Amino acid sequence: MKMKKLLMVLLLVSVGLSSWAAKPNVLFIAVDDMNNDLGCYGHPLVKSPNIDRLAKMGTRFDRAYCQFPLCSPSRTSVMTGLRPDATKVFDLRKHFREVMPEVVTMSQAFRNEGYFVGRVGKIYHYGNPGDIGTNGLDDEASWDKRVNPYGRDKVEEKLIINHTPKRGLGSSLSFLKAEGTDEEQTDGMVATEVIKMMKEKRDKPFFVAAGFYRPHCPYVAPKKYFELYPLEKVGMPKRPWEYLKKVPMAALASTKPWPWFGVTEEQSREALQAYWATISFVDAQVGRLLDALEENRLADNTIVVFWSDHGYHVGEHGLWKKQSLFENSARVPMIIAAPGQKMRGGESGRVVELVDLYPTLADLCGVKAPSNLAGKSLRPLLDAPDAEWDKPAFTQVWRGKFAGHSVRTERYRYTEWEGGKEGAELYDYETDPEEMINLMGDSAQAERLASLKKLVKENWTQEFRPKPNKKAGR
């Protein structure tokens, strides 16, 4: 009888270990302020071999969108799986726990299922670069372990060249061709600490988040990455801007003074060279993480997710940075590579949102998620990137006392400011990929416009009038 009980215990332990080992790990890679200027997205100049490698391992989403083109609202939305109107985070100061103290974040859901959950660097909002080395606006309840590297880029801030001296470093057009190695920079340290964390926790299923601080300004990277982009090959969008006369003033209000924060074209070109250099620098750190998965025999059982918190303007429409509802601000790079997915190297043109990441990872890992998540699992698109999919993307931003609400379908974007009182925009990306023809007022678009307006009304069912902090930080 004792022998039977012993065998039963051993069997249960064996089954438990088997299911434990079968749970896939998650490597959750976040980058800050990165747009789609990447090789795998078709950019002719930017060198991103490691992110391109990841795209070949999984699925690249060509039409992925953030819910709010600003760090904290977007990151909060990703980690809670809820839209900004639910979290009430519209600026860089409010913490979602003030509104919903009991919400179960993505990493908490994984911890509830026995995962180790840890992060290195920026996942929730940090003032960048001001809060580097601190916990910033992090959520302590979301992690078992938190690591906050502090690199040479912080120590040498006095060497940074700032073409917009009236703006703080976190919102500037500034750069530094740094001396030294990748590993001395904060993002190099992020990669080093993530690799260490994955090694230490390899015997238990883990959810490890790697939060890189670049390419957010100031654009700091070792000088070898600047050498990849000779300045004579770096060009800004051609002016004049006559087409913008048909665009609402609110649509262009994210860059003041307009255009390009008042800098010269030459200064903008230097900033763009630096921005691309930091993309390639971050790409190299992503490569280190992918290599570590292989070297530690973790690749076959680890889901890798790559995402940016929002897009980024680099001169289009006279704009720099984020907080617009044009494509380059709302659109993000997003790649998922999962063990067992039926197609690898696929590219999906379906419209998806960052808010879809929480239900997707929960689905892939068999993790119980809250029932009120706003997104939808992308698992069908991992197996068949062109599978039927009827889900638009919703993005919003605030202009002081009023909001801009935008809906994106596979072909069109409709944006209205203050319910249309401050103007509206309609773009057809099949015929106008650069958003130079605002179709508002075109009678031929009346039926389509009505359907898109209906989507906006259905998604934003209430009028919200939060009071974003005027000193929002960066």
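Guide: A nonpolar core is a set of buried Ala, Val, Leu, Ile, Met, Phe, Trp, Tyr and Cys residues joined through side-chain atoms within 4.5 Å. Buried means under 20% relative accessible area, exposed over 50%, and partly exposed in between (1.4 Å probe, protein chains only). This is a predicted model, in which local features need pLDDT of at least 70 and side-chain atom pairs count only at pLDDT 80 or more, while totals for chains, interfaces and linings use all residues. Residues are numbered from 1 along each chain as its sequence is written, and side-chain values use heavy atoms, with hydrogens and water left out.

Visitor: Which residues touch the most other members of the largest nonpolar core?

Guide: That core has 84 residues, and those with the most contacts to other members are Val 194, Met 198, Phe 212, Tyr 219, Leu 289, Phe 306 and Trp 320. Helix H9 (residues 265-295) supplies the largest share, 14 residues. Helices (H or I, at least four residues) and strands (E, at least two) are DSSP runs, numbered from the N terminus. Apart from this core lies another, of 45 residues, including Tyr 115 and Trp 389.

Visitor: Why is Phe 28 called buried?

Guide: Its relative accessible area is 0%, and the limit is under 20%. Phe 207 also has 0%, so Phe 207 is buried.

Visitor: What makes Phe 28 and Phe 207 an aromatic pair, and why is the pair called tilted?

Guide: Rings of Phe, Tyr and Trp (its six-membered ring) pair if their centres lie within 6.5 Å; planes under 30 degrees apart are stacked, over 60 edge-to-face, and the rest tilted. Here the centres are 5.3 Å apart and the planes make 40°, so the pair is tilted. Phe 28 lies in strand E1 and Phe 207 in strand E7, so the pair ties together parts 179 residues apart in sequence.

Visitor: What makes the pair of Tyr 126 and Tyr 213 edge-to-face?

Guide: The angle between their planes is 90°, with 5.8 Å centre to centre; edge-to-face requires over 60 degrees.

Visitor: How do you know that strands E1 and E7 pair?

Guide: Two strands pair if DSSP finds at least two bridges between them. Six bridges join E1 (residues 25-32) to E7 (residues 206-215), so the two strands pair, and they run parallel.

Visitor: What makes Lys 201 count as sitting over the ring of Phe 116?

Guide: The rule asks for NZ of Lys or CZ of Arg within 6 Å of the ring centre and within 35 degrees of the ring normal. The charged end of Lys 201 is 4.7 Å from the centre of the Phe 116 ring.
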